[in-house]
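Student: Hi! Could we go through this model together? I'd like to ask things as they come up.

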Amino acid sequence: MSERSLADRLSGADVETLREMMREAEAYLNAQLTAAIGADQRAYTFAGFGSAAAVVLVGAAYGIASARSPDIPMAILATVVAGFLIAGAMLAIHSARSVDFEYSGNQPGHWVEDVEERKSLQRSLAEQCEHYDLMIGKNTKTISDNSRVFQRSTYIAQIGLGVGAAGFVLWLAARLFC
């Protein structure tokens, strides 16, 4: 791997090529932002459905436990499944939390140093390309990290639903065959 910075390595490209690199980097950053917003929306929707289902299960557990002839195992099962769904919802919300995210574009004030140092447009654009490359890398890590957290949230909810289904089958079998 070269010890020269990416800006140094790109400085040899003509201005038109550097502008194309910037255009593509800006498109990539915008696509990352769109994907991240979509992932956040998915996570919040999942959390909402999981929380609503948990509330229903807690209400059902209360009703079952406080009935004239309470079915305590079923009330416990409903509460346990609700706990899994709430844990999954909490992780989903965590995956959609506010995070540092890099956006395309630049502030005019950030060009002052380049102007004062009388850098060529070619060099300035090469440095901007390097900056975009670093930004894309940071966003990729952020998106990947949050995706892993969201996957865990869905696994936890799935485990809860599996526990609930297995518990219900056992409960039903005990009612029918015992």
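Student: Where is Val 55?
Tutor: Val 55 is in helix H2, which covers residues 15-65. Helices here are DSSP runs of H or I with at least four residues, strands are runs of E with at least two, and they are numbered from the N terminus. Keep in mind that this is a predicted model, where local features need pLDDT of at least 70, side-chain atom pairs count only at pLDDT 80 or more, and totals for chains, interfaces and linings use all residues. Residues are numbered from 1 along each chain as its sequence is written, and side-chain values use heavy atoms, with hydrogens and water left out.

Student: Is Val 55 buried or exposed?
Tutor: Val 55 is exposed, with a relative accessible area of 61%. Exposed means over 50% relative accessible area, buried means under 20%, and partly exposed is in between (1.4 Å probe, protein chains only).

Student: And what separates Val 55 and Gln 107?
Tutor: Their C-alpha atoms are separated by 47 Å, and the two residues are 52 residues apart along the chain.

Student: OK, what about the whole chain? How many helices and strands does it have?
Tutor: The protein chain has five helices and zero strands. Along the sequence that gives the pattern α-α-α-α-α.

Student: What are its spans along the principal axes?
Tutor: The C-alpha trace spans about 85 × 30 × 25 Å. The radius of gyration is 27 Å, whereas a compact globule of 178 residues would have one near 16 Å. That radius is taken over C-alpha atoms, and the globule rule is 2.2 Å times the number of residues to the power 0.38.

Student: How much of the chain is buried?
Tutor: Buried residues make up 28% of the 178 residues.

Student: Let's pick a buried one. Where does Met 74 lie?
Tutor: Met 74 lies in helix H3, residues 72-95. Met 74 counts as buried because its relative accessible area is 13%.

Student: Which residues does Met 74 touch?
Tutor: Leaving out residues up to four places away in sequence, Met 74 touches Ile 64, Phe 168 and Trp 171. Touching is a contact, meaning heavy atoms within 4.5 Å.

Student: What share of the contacts comes from residues 24 or more positions apart?
Tutor: Among contacts with a separation of 6 or more, such residues account for 86%.

Student: Now helix H5. Is Thr 142 buried or exposed?
Tutor: Thr 142 is found in helix H5, and it counts as buried at 18% relative accessibility. Thr 142 touches Val 99, Asp 100 and Phe 101, again not counting residues up to four places away in sequence.

Student: And Leu 134, buried or exposed?
Tutor: Leu 134 is also placed in helix H5, but Leu 134 is exposed, with a relative accessible area of 52%. Its C-alpha atom and that of Asp 145, 11 residues apart along the chain, are separated by 17 Å.

Student: Switching to loops: where is Arg 118?
Tutor: Arg 118 is in the loop between helix H4 (112-116) and helix H5 (121-177). Arg 118 has a positive phi of about 55° although it is not a glycine. Most residues other than glycine have a negative phi. Arg 118 is also exposed, at 74% relative accessibility.

Student: What else is in that loop between H4 and H5?
Tutor: Ser 120 is there, and it counts as partly exposed at 39% relative accessibility. The C-alpha atoms of Ser 120 and Leu 10 are separated by 13 Å, though they are 110 residues apart along the chain.

Student: Last topic, cysteines. How many disulfides are there?
Tutor: The count comes to zero disulfides, where a disulfide is a pair of cysteine sulfur atoms within 2.5 Å.

Student: Are Cys 129 and Cys 178 buried or exposed?
Tutor: Cys 129 is buried, with a relative accessible area of 7%, whereas Cys 178 is exposed, with 83%.
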